Number of protein chains: 2
Amino acid sequence: MTTAEATPAPTAACCTVGPGGGVVDDEAAHQLAKVFKALGDPTRVKLLLLIAASESGEMCACDLTEPVGLSQPTVSHHMKQLVEAGLVAREQRGKWAYYRPTTAALSAATGFLTQDERLSDSPAATVNPHSI
Amino acid sequence: MTTAEATPAPTAACCTVGPGGGVVDDEAAHQLAKVFKALGDPTRVKLLLLIAASESGEMCACDLTEPVGLSQPTVSHHMKQLVEAGLVAREQRGKWAYYRPTTAALSAATGFLTQDERLSDSPAATVNPHSI
DNA sequence: CGGCGATATAGACAAATGTCAATATGTGGT
DNA sequence: ACCACATATTGACATTTGTCTATATCGCCG
C-alpha cells in the first residue's frame, strides 16, 4: 500500500469504549496519526506552507529544494510523505512534477479532534485575522 | 529547555521569504512540527481523545494505562510529550496526577495552517462553528 | 518515621526516521 | 536513437523514537 492516502478520519466509529480498547478506533487513531506525523517535521511544514503560499497554488518540485536547503532526493522523500498522508496532490506535467495542497485530509483530521468540544476553544477560532 | 511548550504559533513573522529561507520562520516551523509530532503517534492520539471524551474533562494517570494497553512508564512518557507540546496540562492532586486537554496549542497550530486559505476548505475561519 | 502506592526517570534495545551520494527511471528535444 | 534534464528509488548511515524492565522520587497514612 504505497498509495494509501485519503480516508483520514472515519467520521463514524466514534465510541468504541471497552476494557482493552479506548474511545477511538485503532485504525482511526492510526489514520489521524499518519496525517499528523506527516506534519510532524519542520521541513514538511515548510514545504506545505511554501506551496500553499505560492501564487498559483501549486509548485514544481524543482522549486522546492532551494527554499528548504536540502538535497533533491530528500525533498522528494518528504513530498512522498505528504502525498501519502493526503496533504498534497502530485501531478506530472511534461517532465516536471507539480504539487498542490489538498484540504480534505487536514480538515478531516483536525475536524475529528475538534469535534470533541473539549479540544476546540469555542468562539472566534484561534488565529483568525477576520475577527477585526 | 525541557519545559518549553506553549508558543506554538508566533502569529507574526509570517512572510520571511528569502533565498535560503521559506515562507515560514524556522522557529515557527519547528513549533508547528512539535505540536503535530506529538499527535503523530496513535497512542498519543488515543490518550488525548480518551481524556477529552472523559466525563469530567480530566483523567488520572492511573486510568490511562489500561485503555491503551501499554506499561505505566510508557504512558508516562507519552503524556510528557503531550504536556511538552502544550496539548494537555498536568496537575498533581494528592498522590495522583491528572491530565486535561488544553486547546491553545492545537487551535494555534491548526489555525496557523488554515490561516492560509489554500489549506482550509471552508471560506472564513478554519473550523469555526459560529459561522452560522 | 516507615512503608506503601502512584508516578517519573534511567538504561537498554529494536525499529523508524531524516539525510545524503549514487543510481535508476522517466520525459521531451535533437 | 540518443542525449540531457527532472524526478524517484536504493543503500548506507547517524539520530530519534517507542517500548520495556528496573529503579528512583514523590506524597499520603499508619
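## Around the DNA strand

In this predicted model, 25 residues surround DNA strand D. A residue is near the strand if one of its heavy atoms lies within 4 Å of it. The closest are A:Gln72, A:Ser76, A:Arg90, B:Thr74 and B:His78. The residues divide into nine nonpolar, ten polar (Gly among them) and six charged (Asp, Glu, Lys and Arg). Ala, Val, Leu, Ile, Met, Phe, Trp, Tyr, Cys and Pro count as nonpolar.

α4(B) supplies the largest share, five residues. Helices are DSSP runs (H or I) of at least four residues, and strands (E) of at least two, numbered from the N terminus.

## Touching the backbone

Of the atoms of DNA strand D within 4 Å of the protein, 73% belong to sugar or phosphate. The rest belong to bases.

A side-chain N or O atom of A:Ser76 is 2.8 Å from one. For the side chain of A:Tyr99, the distance is 2.9 Å. A:Ala97 uses a backbone N or O atom, at 3.1 Å.

## The sheet in chain B

Three strands form an open, antiparallel sheet, ordered β1-β3-β2. Strands pair if DSSP finds at least two bridges between them. β1 (59-60) and β2 (88-93) each have a single partner strand, so one side of each lacks a neighbour in the sheet. In β3(B), B:Tyr99 stands opposite B:Met59.

α4(B) packs on this sheet and touches β2 and β3 of chain B (contact: heavy atoms within 4.5 Å).

## Reading the model

Residues are numbered from 1 along each chain as its sequence is written, and chains are lettered from A and ligands numbered from 1 in the order written. Local features need pLDDT of at least 70, side-chain atom pairs count only at pLDDT 80 or more, totals for chains, interfaces and linings use all residues, and side-chain values use heavy atoms, without hydrogens and water.

Methods: A polar contact is a pair of N or O atoms within 3.5 Å; within protein, one must be able to donate a hydrogen and the other to accept it, and residues adjacent in sequence count only if both atoms are side-chain atoms. Axes are lines fitted to C-alpha atoms, for helices over the stretch in contact, and angles run from 0 to 180 degrees between N-to-C directions.
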